[in-house]
Amino acid sequence: ELNIPTPKWNLITDDLEDINLLYPIYSKTFYGSKGRGMYLIEDKDQLEEHINIYSFESNRILEERCKYVREYGIHVSSKNGIFHAVRKMIKQDSTERWYRNSNNCVFFLEDNENFNKPLCWDEIEESLLRFMEKIKLDIGRFDVKVSSSGERFKVLEVNSAPSLQGEVVLHKYVKELNNII
């Protein structure tokens with residue numbers, strides 16, 4: 001509806017024949033954190049088995065895996081736009097390489113050369129602000145994947161209750177919440 005690029009997805013309760021996603025796909029819950037409740041599904045046989053187990057869950061979706069290589073955690077306020085961002089890079093020794101969280105990643109702030117700010121950053125910010133307005137959210141952290149060239153992006157999800165680990169992000173949230181209030 002908002003013309004914001006996102007991965008294709010289906011509800012898990014949809015008929016198997018109606019699921020028109022390219023493998024691999026993710027099975028995700030609407031509520032969770034740090035990859036809990038998320039599964040990687042490689043083919044139709046795994047999908048059939050997965051649907052038999054999880055079809056009763058009305059809060060689960062199937063999402064096409066976004067092949068963009070860069071991922072950012074972008075904290076946005078409806079009042080001031082992006083107020084904090086990190087690039088999430090998978091640790092070399094990580095065994096779980098199909099999702100990114102605090103257990104298997106290192107995080108780079110904007111002032112680090114490894115942050116590698118995307119060329120489409122302004123478009124990302126504008127899209128996230130429109131998204132927030134539509135869902136009536138004042139503050140949130142988005143997971144956004146970006147193409148290797150930095151010219152294209154897809155919004156994976158928004159977290160209305162983001163993890164506030166680390167003094168830097170906590171300080172920024174206190175400041176931003178005061179601005180909103």
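## A buried ion pair

Both R100 and E71 are buried (buried is under 20% relative accessible area, exposed over 50%, partly exposed in between, with a 1.4 Å probe and protein chains only). The two residues form a salt bridge, with their closest N and O atoms 3.6 Å apart (a salt bridge is a side-chain nitrogen of Lys or Arg within 4 Å of a carboxyl oxygen of Asp or Glu). This pair links distant parts of the chain. R100 sits in the loop between β6 (81–90) and β7 (105–109), E71 in strand β5 (residues 70–77), and 29 residues separate them.

The model is predicted: local features need pLDDT of at least 70, side-chain atom pairs count only at pLDDT 80 or more, and totals for chains, interfaces and linings use all residues. Residues are numbered from 1 along each chain as its sequence is written, and side-chain values use heavy atoms, with hydrogens and water left out.

## Overall fold

The protein has 3 helices and 9 strands (helices are DSSP runs of H or I with at least four residues, strands are runs of E with at least two, numbered from the N terminus). From the N terminus on, the order is β-β-β-α-β-β-β-β-α-β-β-α. The radius of gyration is 17 Å, close to the 16 Å that the globule rule gives for 181 residues, so the protein is as compact as a globular protein of that length. That radius is taken over C-alpha atoms, and the globule rule is 2.2 Å times the number of residues to the power 0.38. The C-alpha atoms fill a box of roughly 50 × 40 × 30 Å along the principal axes.

Buried residues make up 43% of the 181 residues. Among contacts between residues at least 6 apart in sequence, 61% join residues at least 24 apart (a contact means heavy atoms within 4.5 Å). The accessible surface comes to about 10700 Å², and carbon and sulfur atoms hold 48% of it (areas come from the Shrake-Rupley method with a 1.4 Å probe; for residues, only the protein chains shown count as cover).

D143 lies in strand β8 (residues 139–146) and K88 in strand β6, 55 residues apart. D143 is buried at 5% relative accessibility. K88 is buried too, with a relative accessible area of 5%. Salt bridges that share partners join E71, K88, R100, R141 and D143 into one network.

E1 forms a salt bridge with K134, the closest N and O atoms being 2.4 Å apart. E1 lies in the segment before β1 (9–11) and K134 in helix α2 (residues 121–135), so the pair ties together parts that are 133 residues apart in sequence. E1 is exposed at 83% relative accessibility. K134 is partly exposed at 44%.

## Helix α2

Helix α2 has 15 residues. Its first and last C-alpha atoms are 21 Å apart, close to the 21 Å expected at 1.5 Å a residue (the expected span is 1.5 Å times one less than the number of residues). Its buried residues are W121, I124, S127, L128 and M132.

The face turned away from them carries the exposed residues D122 and E133. Just after α2, K136 takes a positive phi of about 60 degrees.
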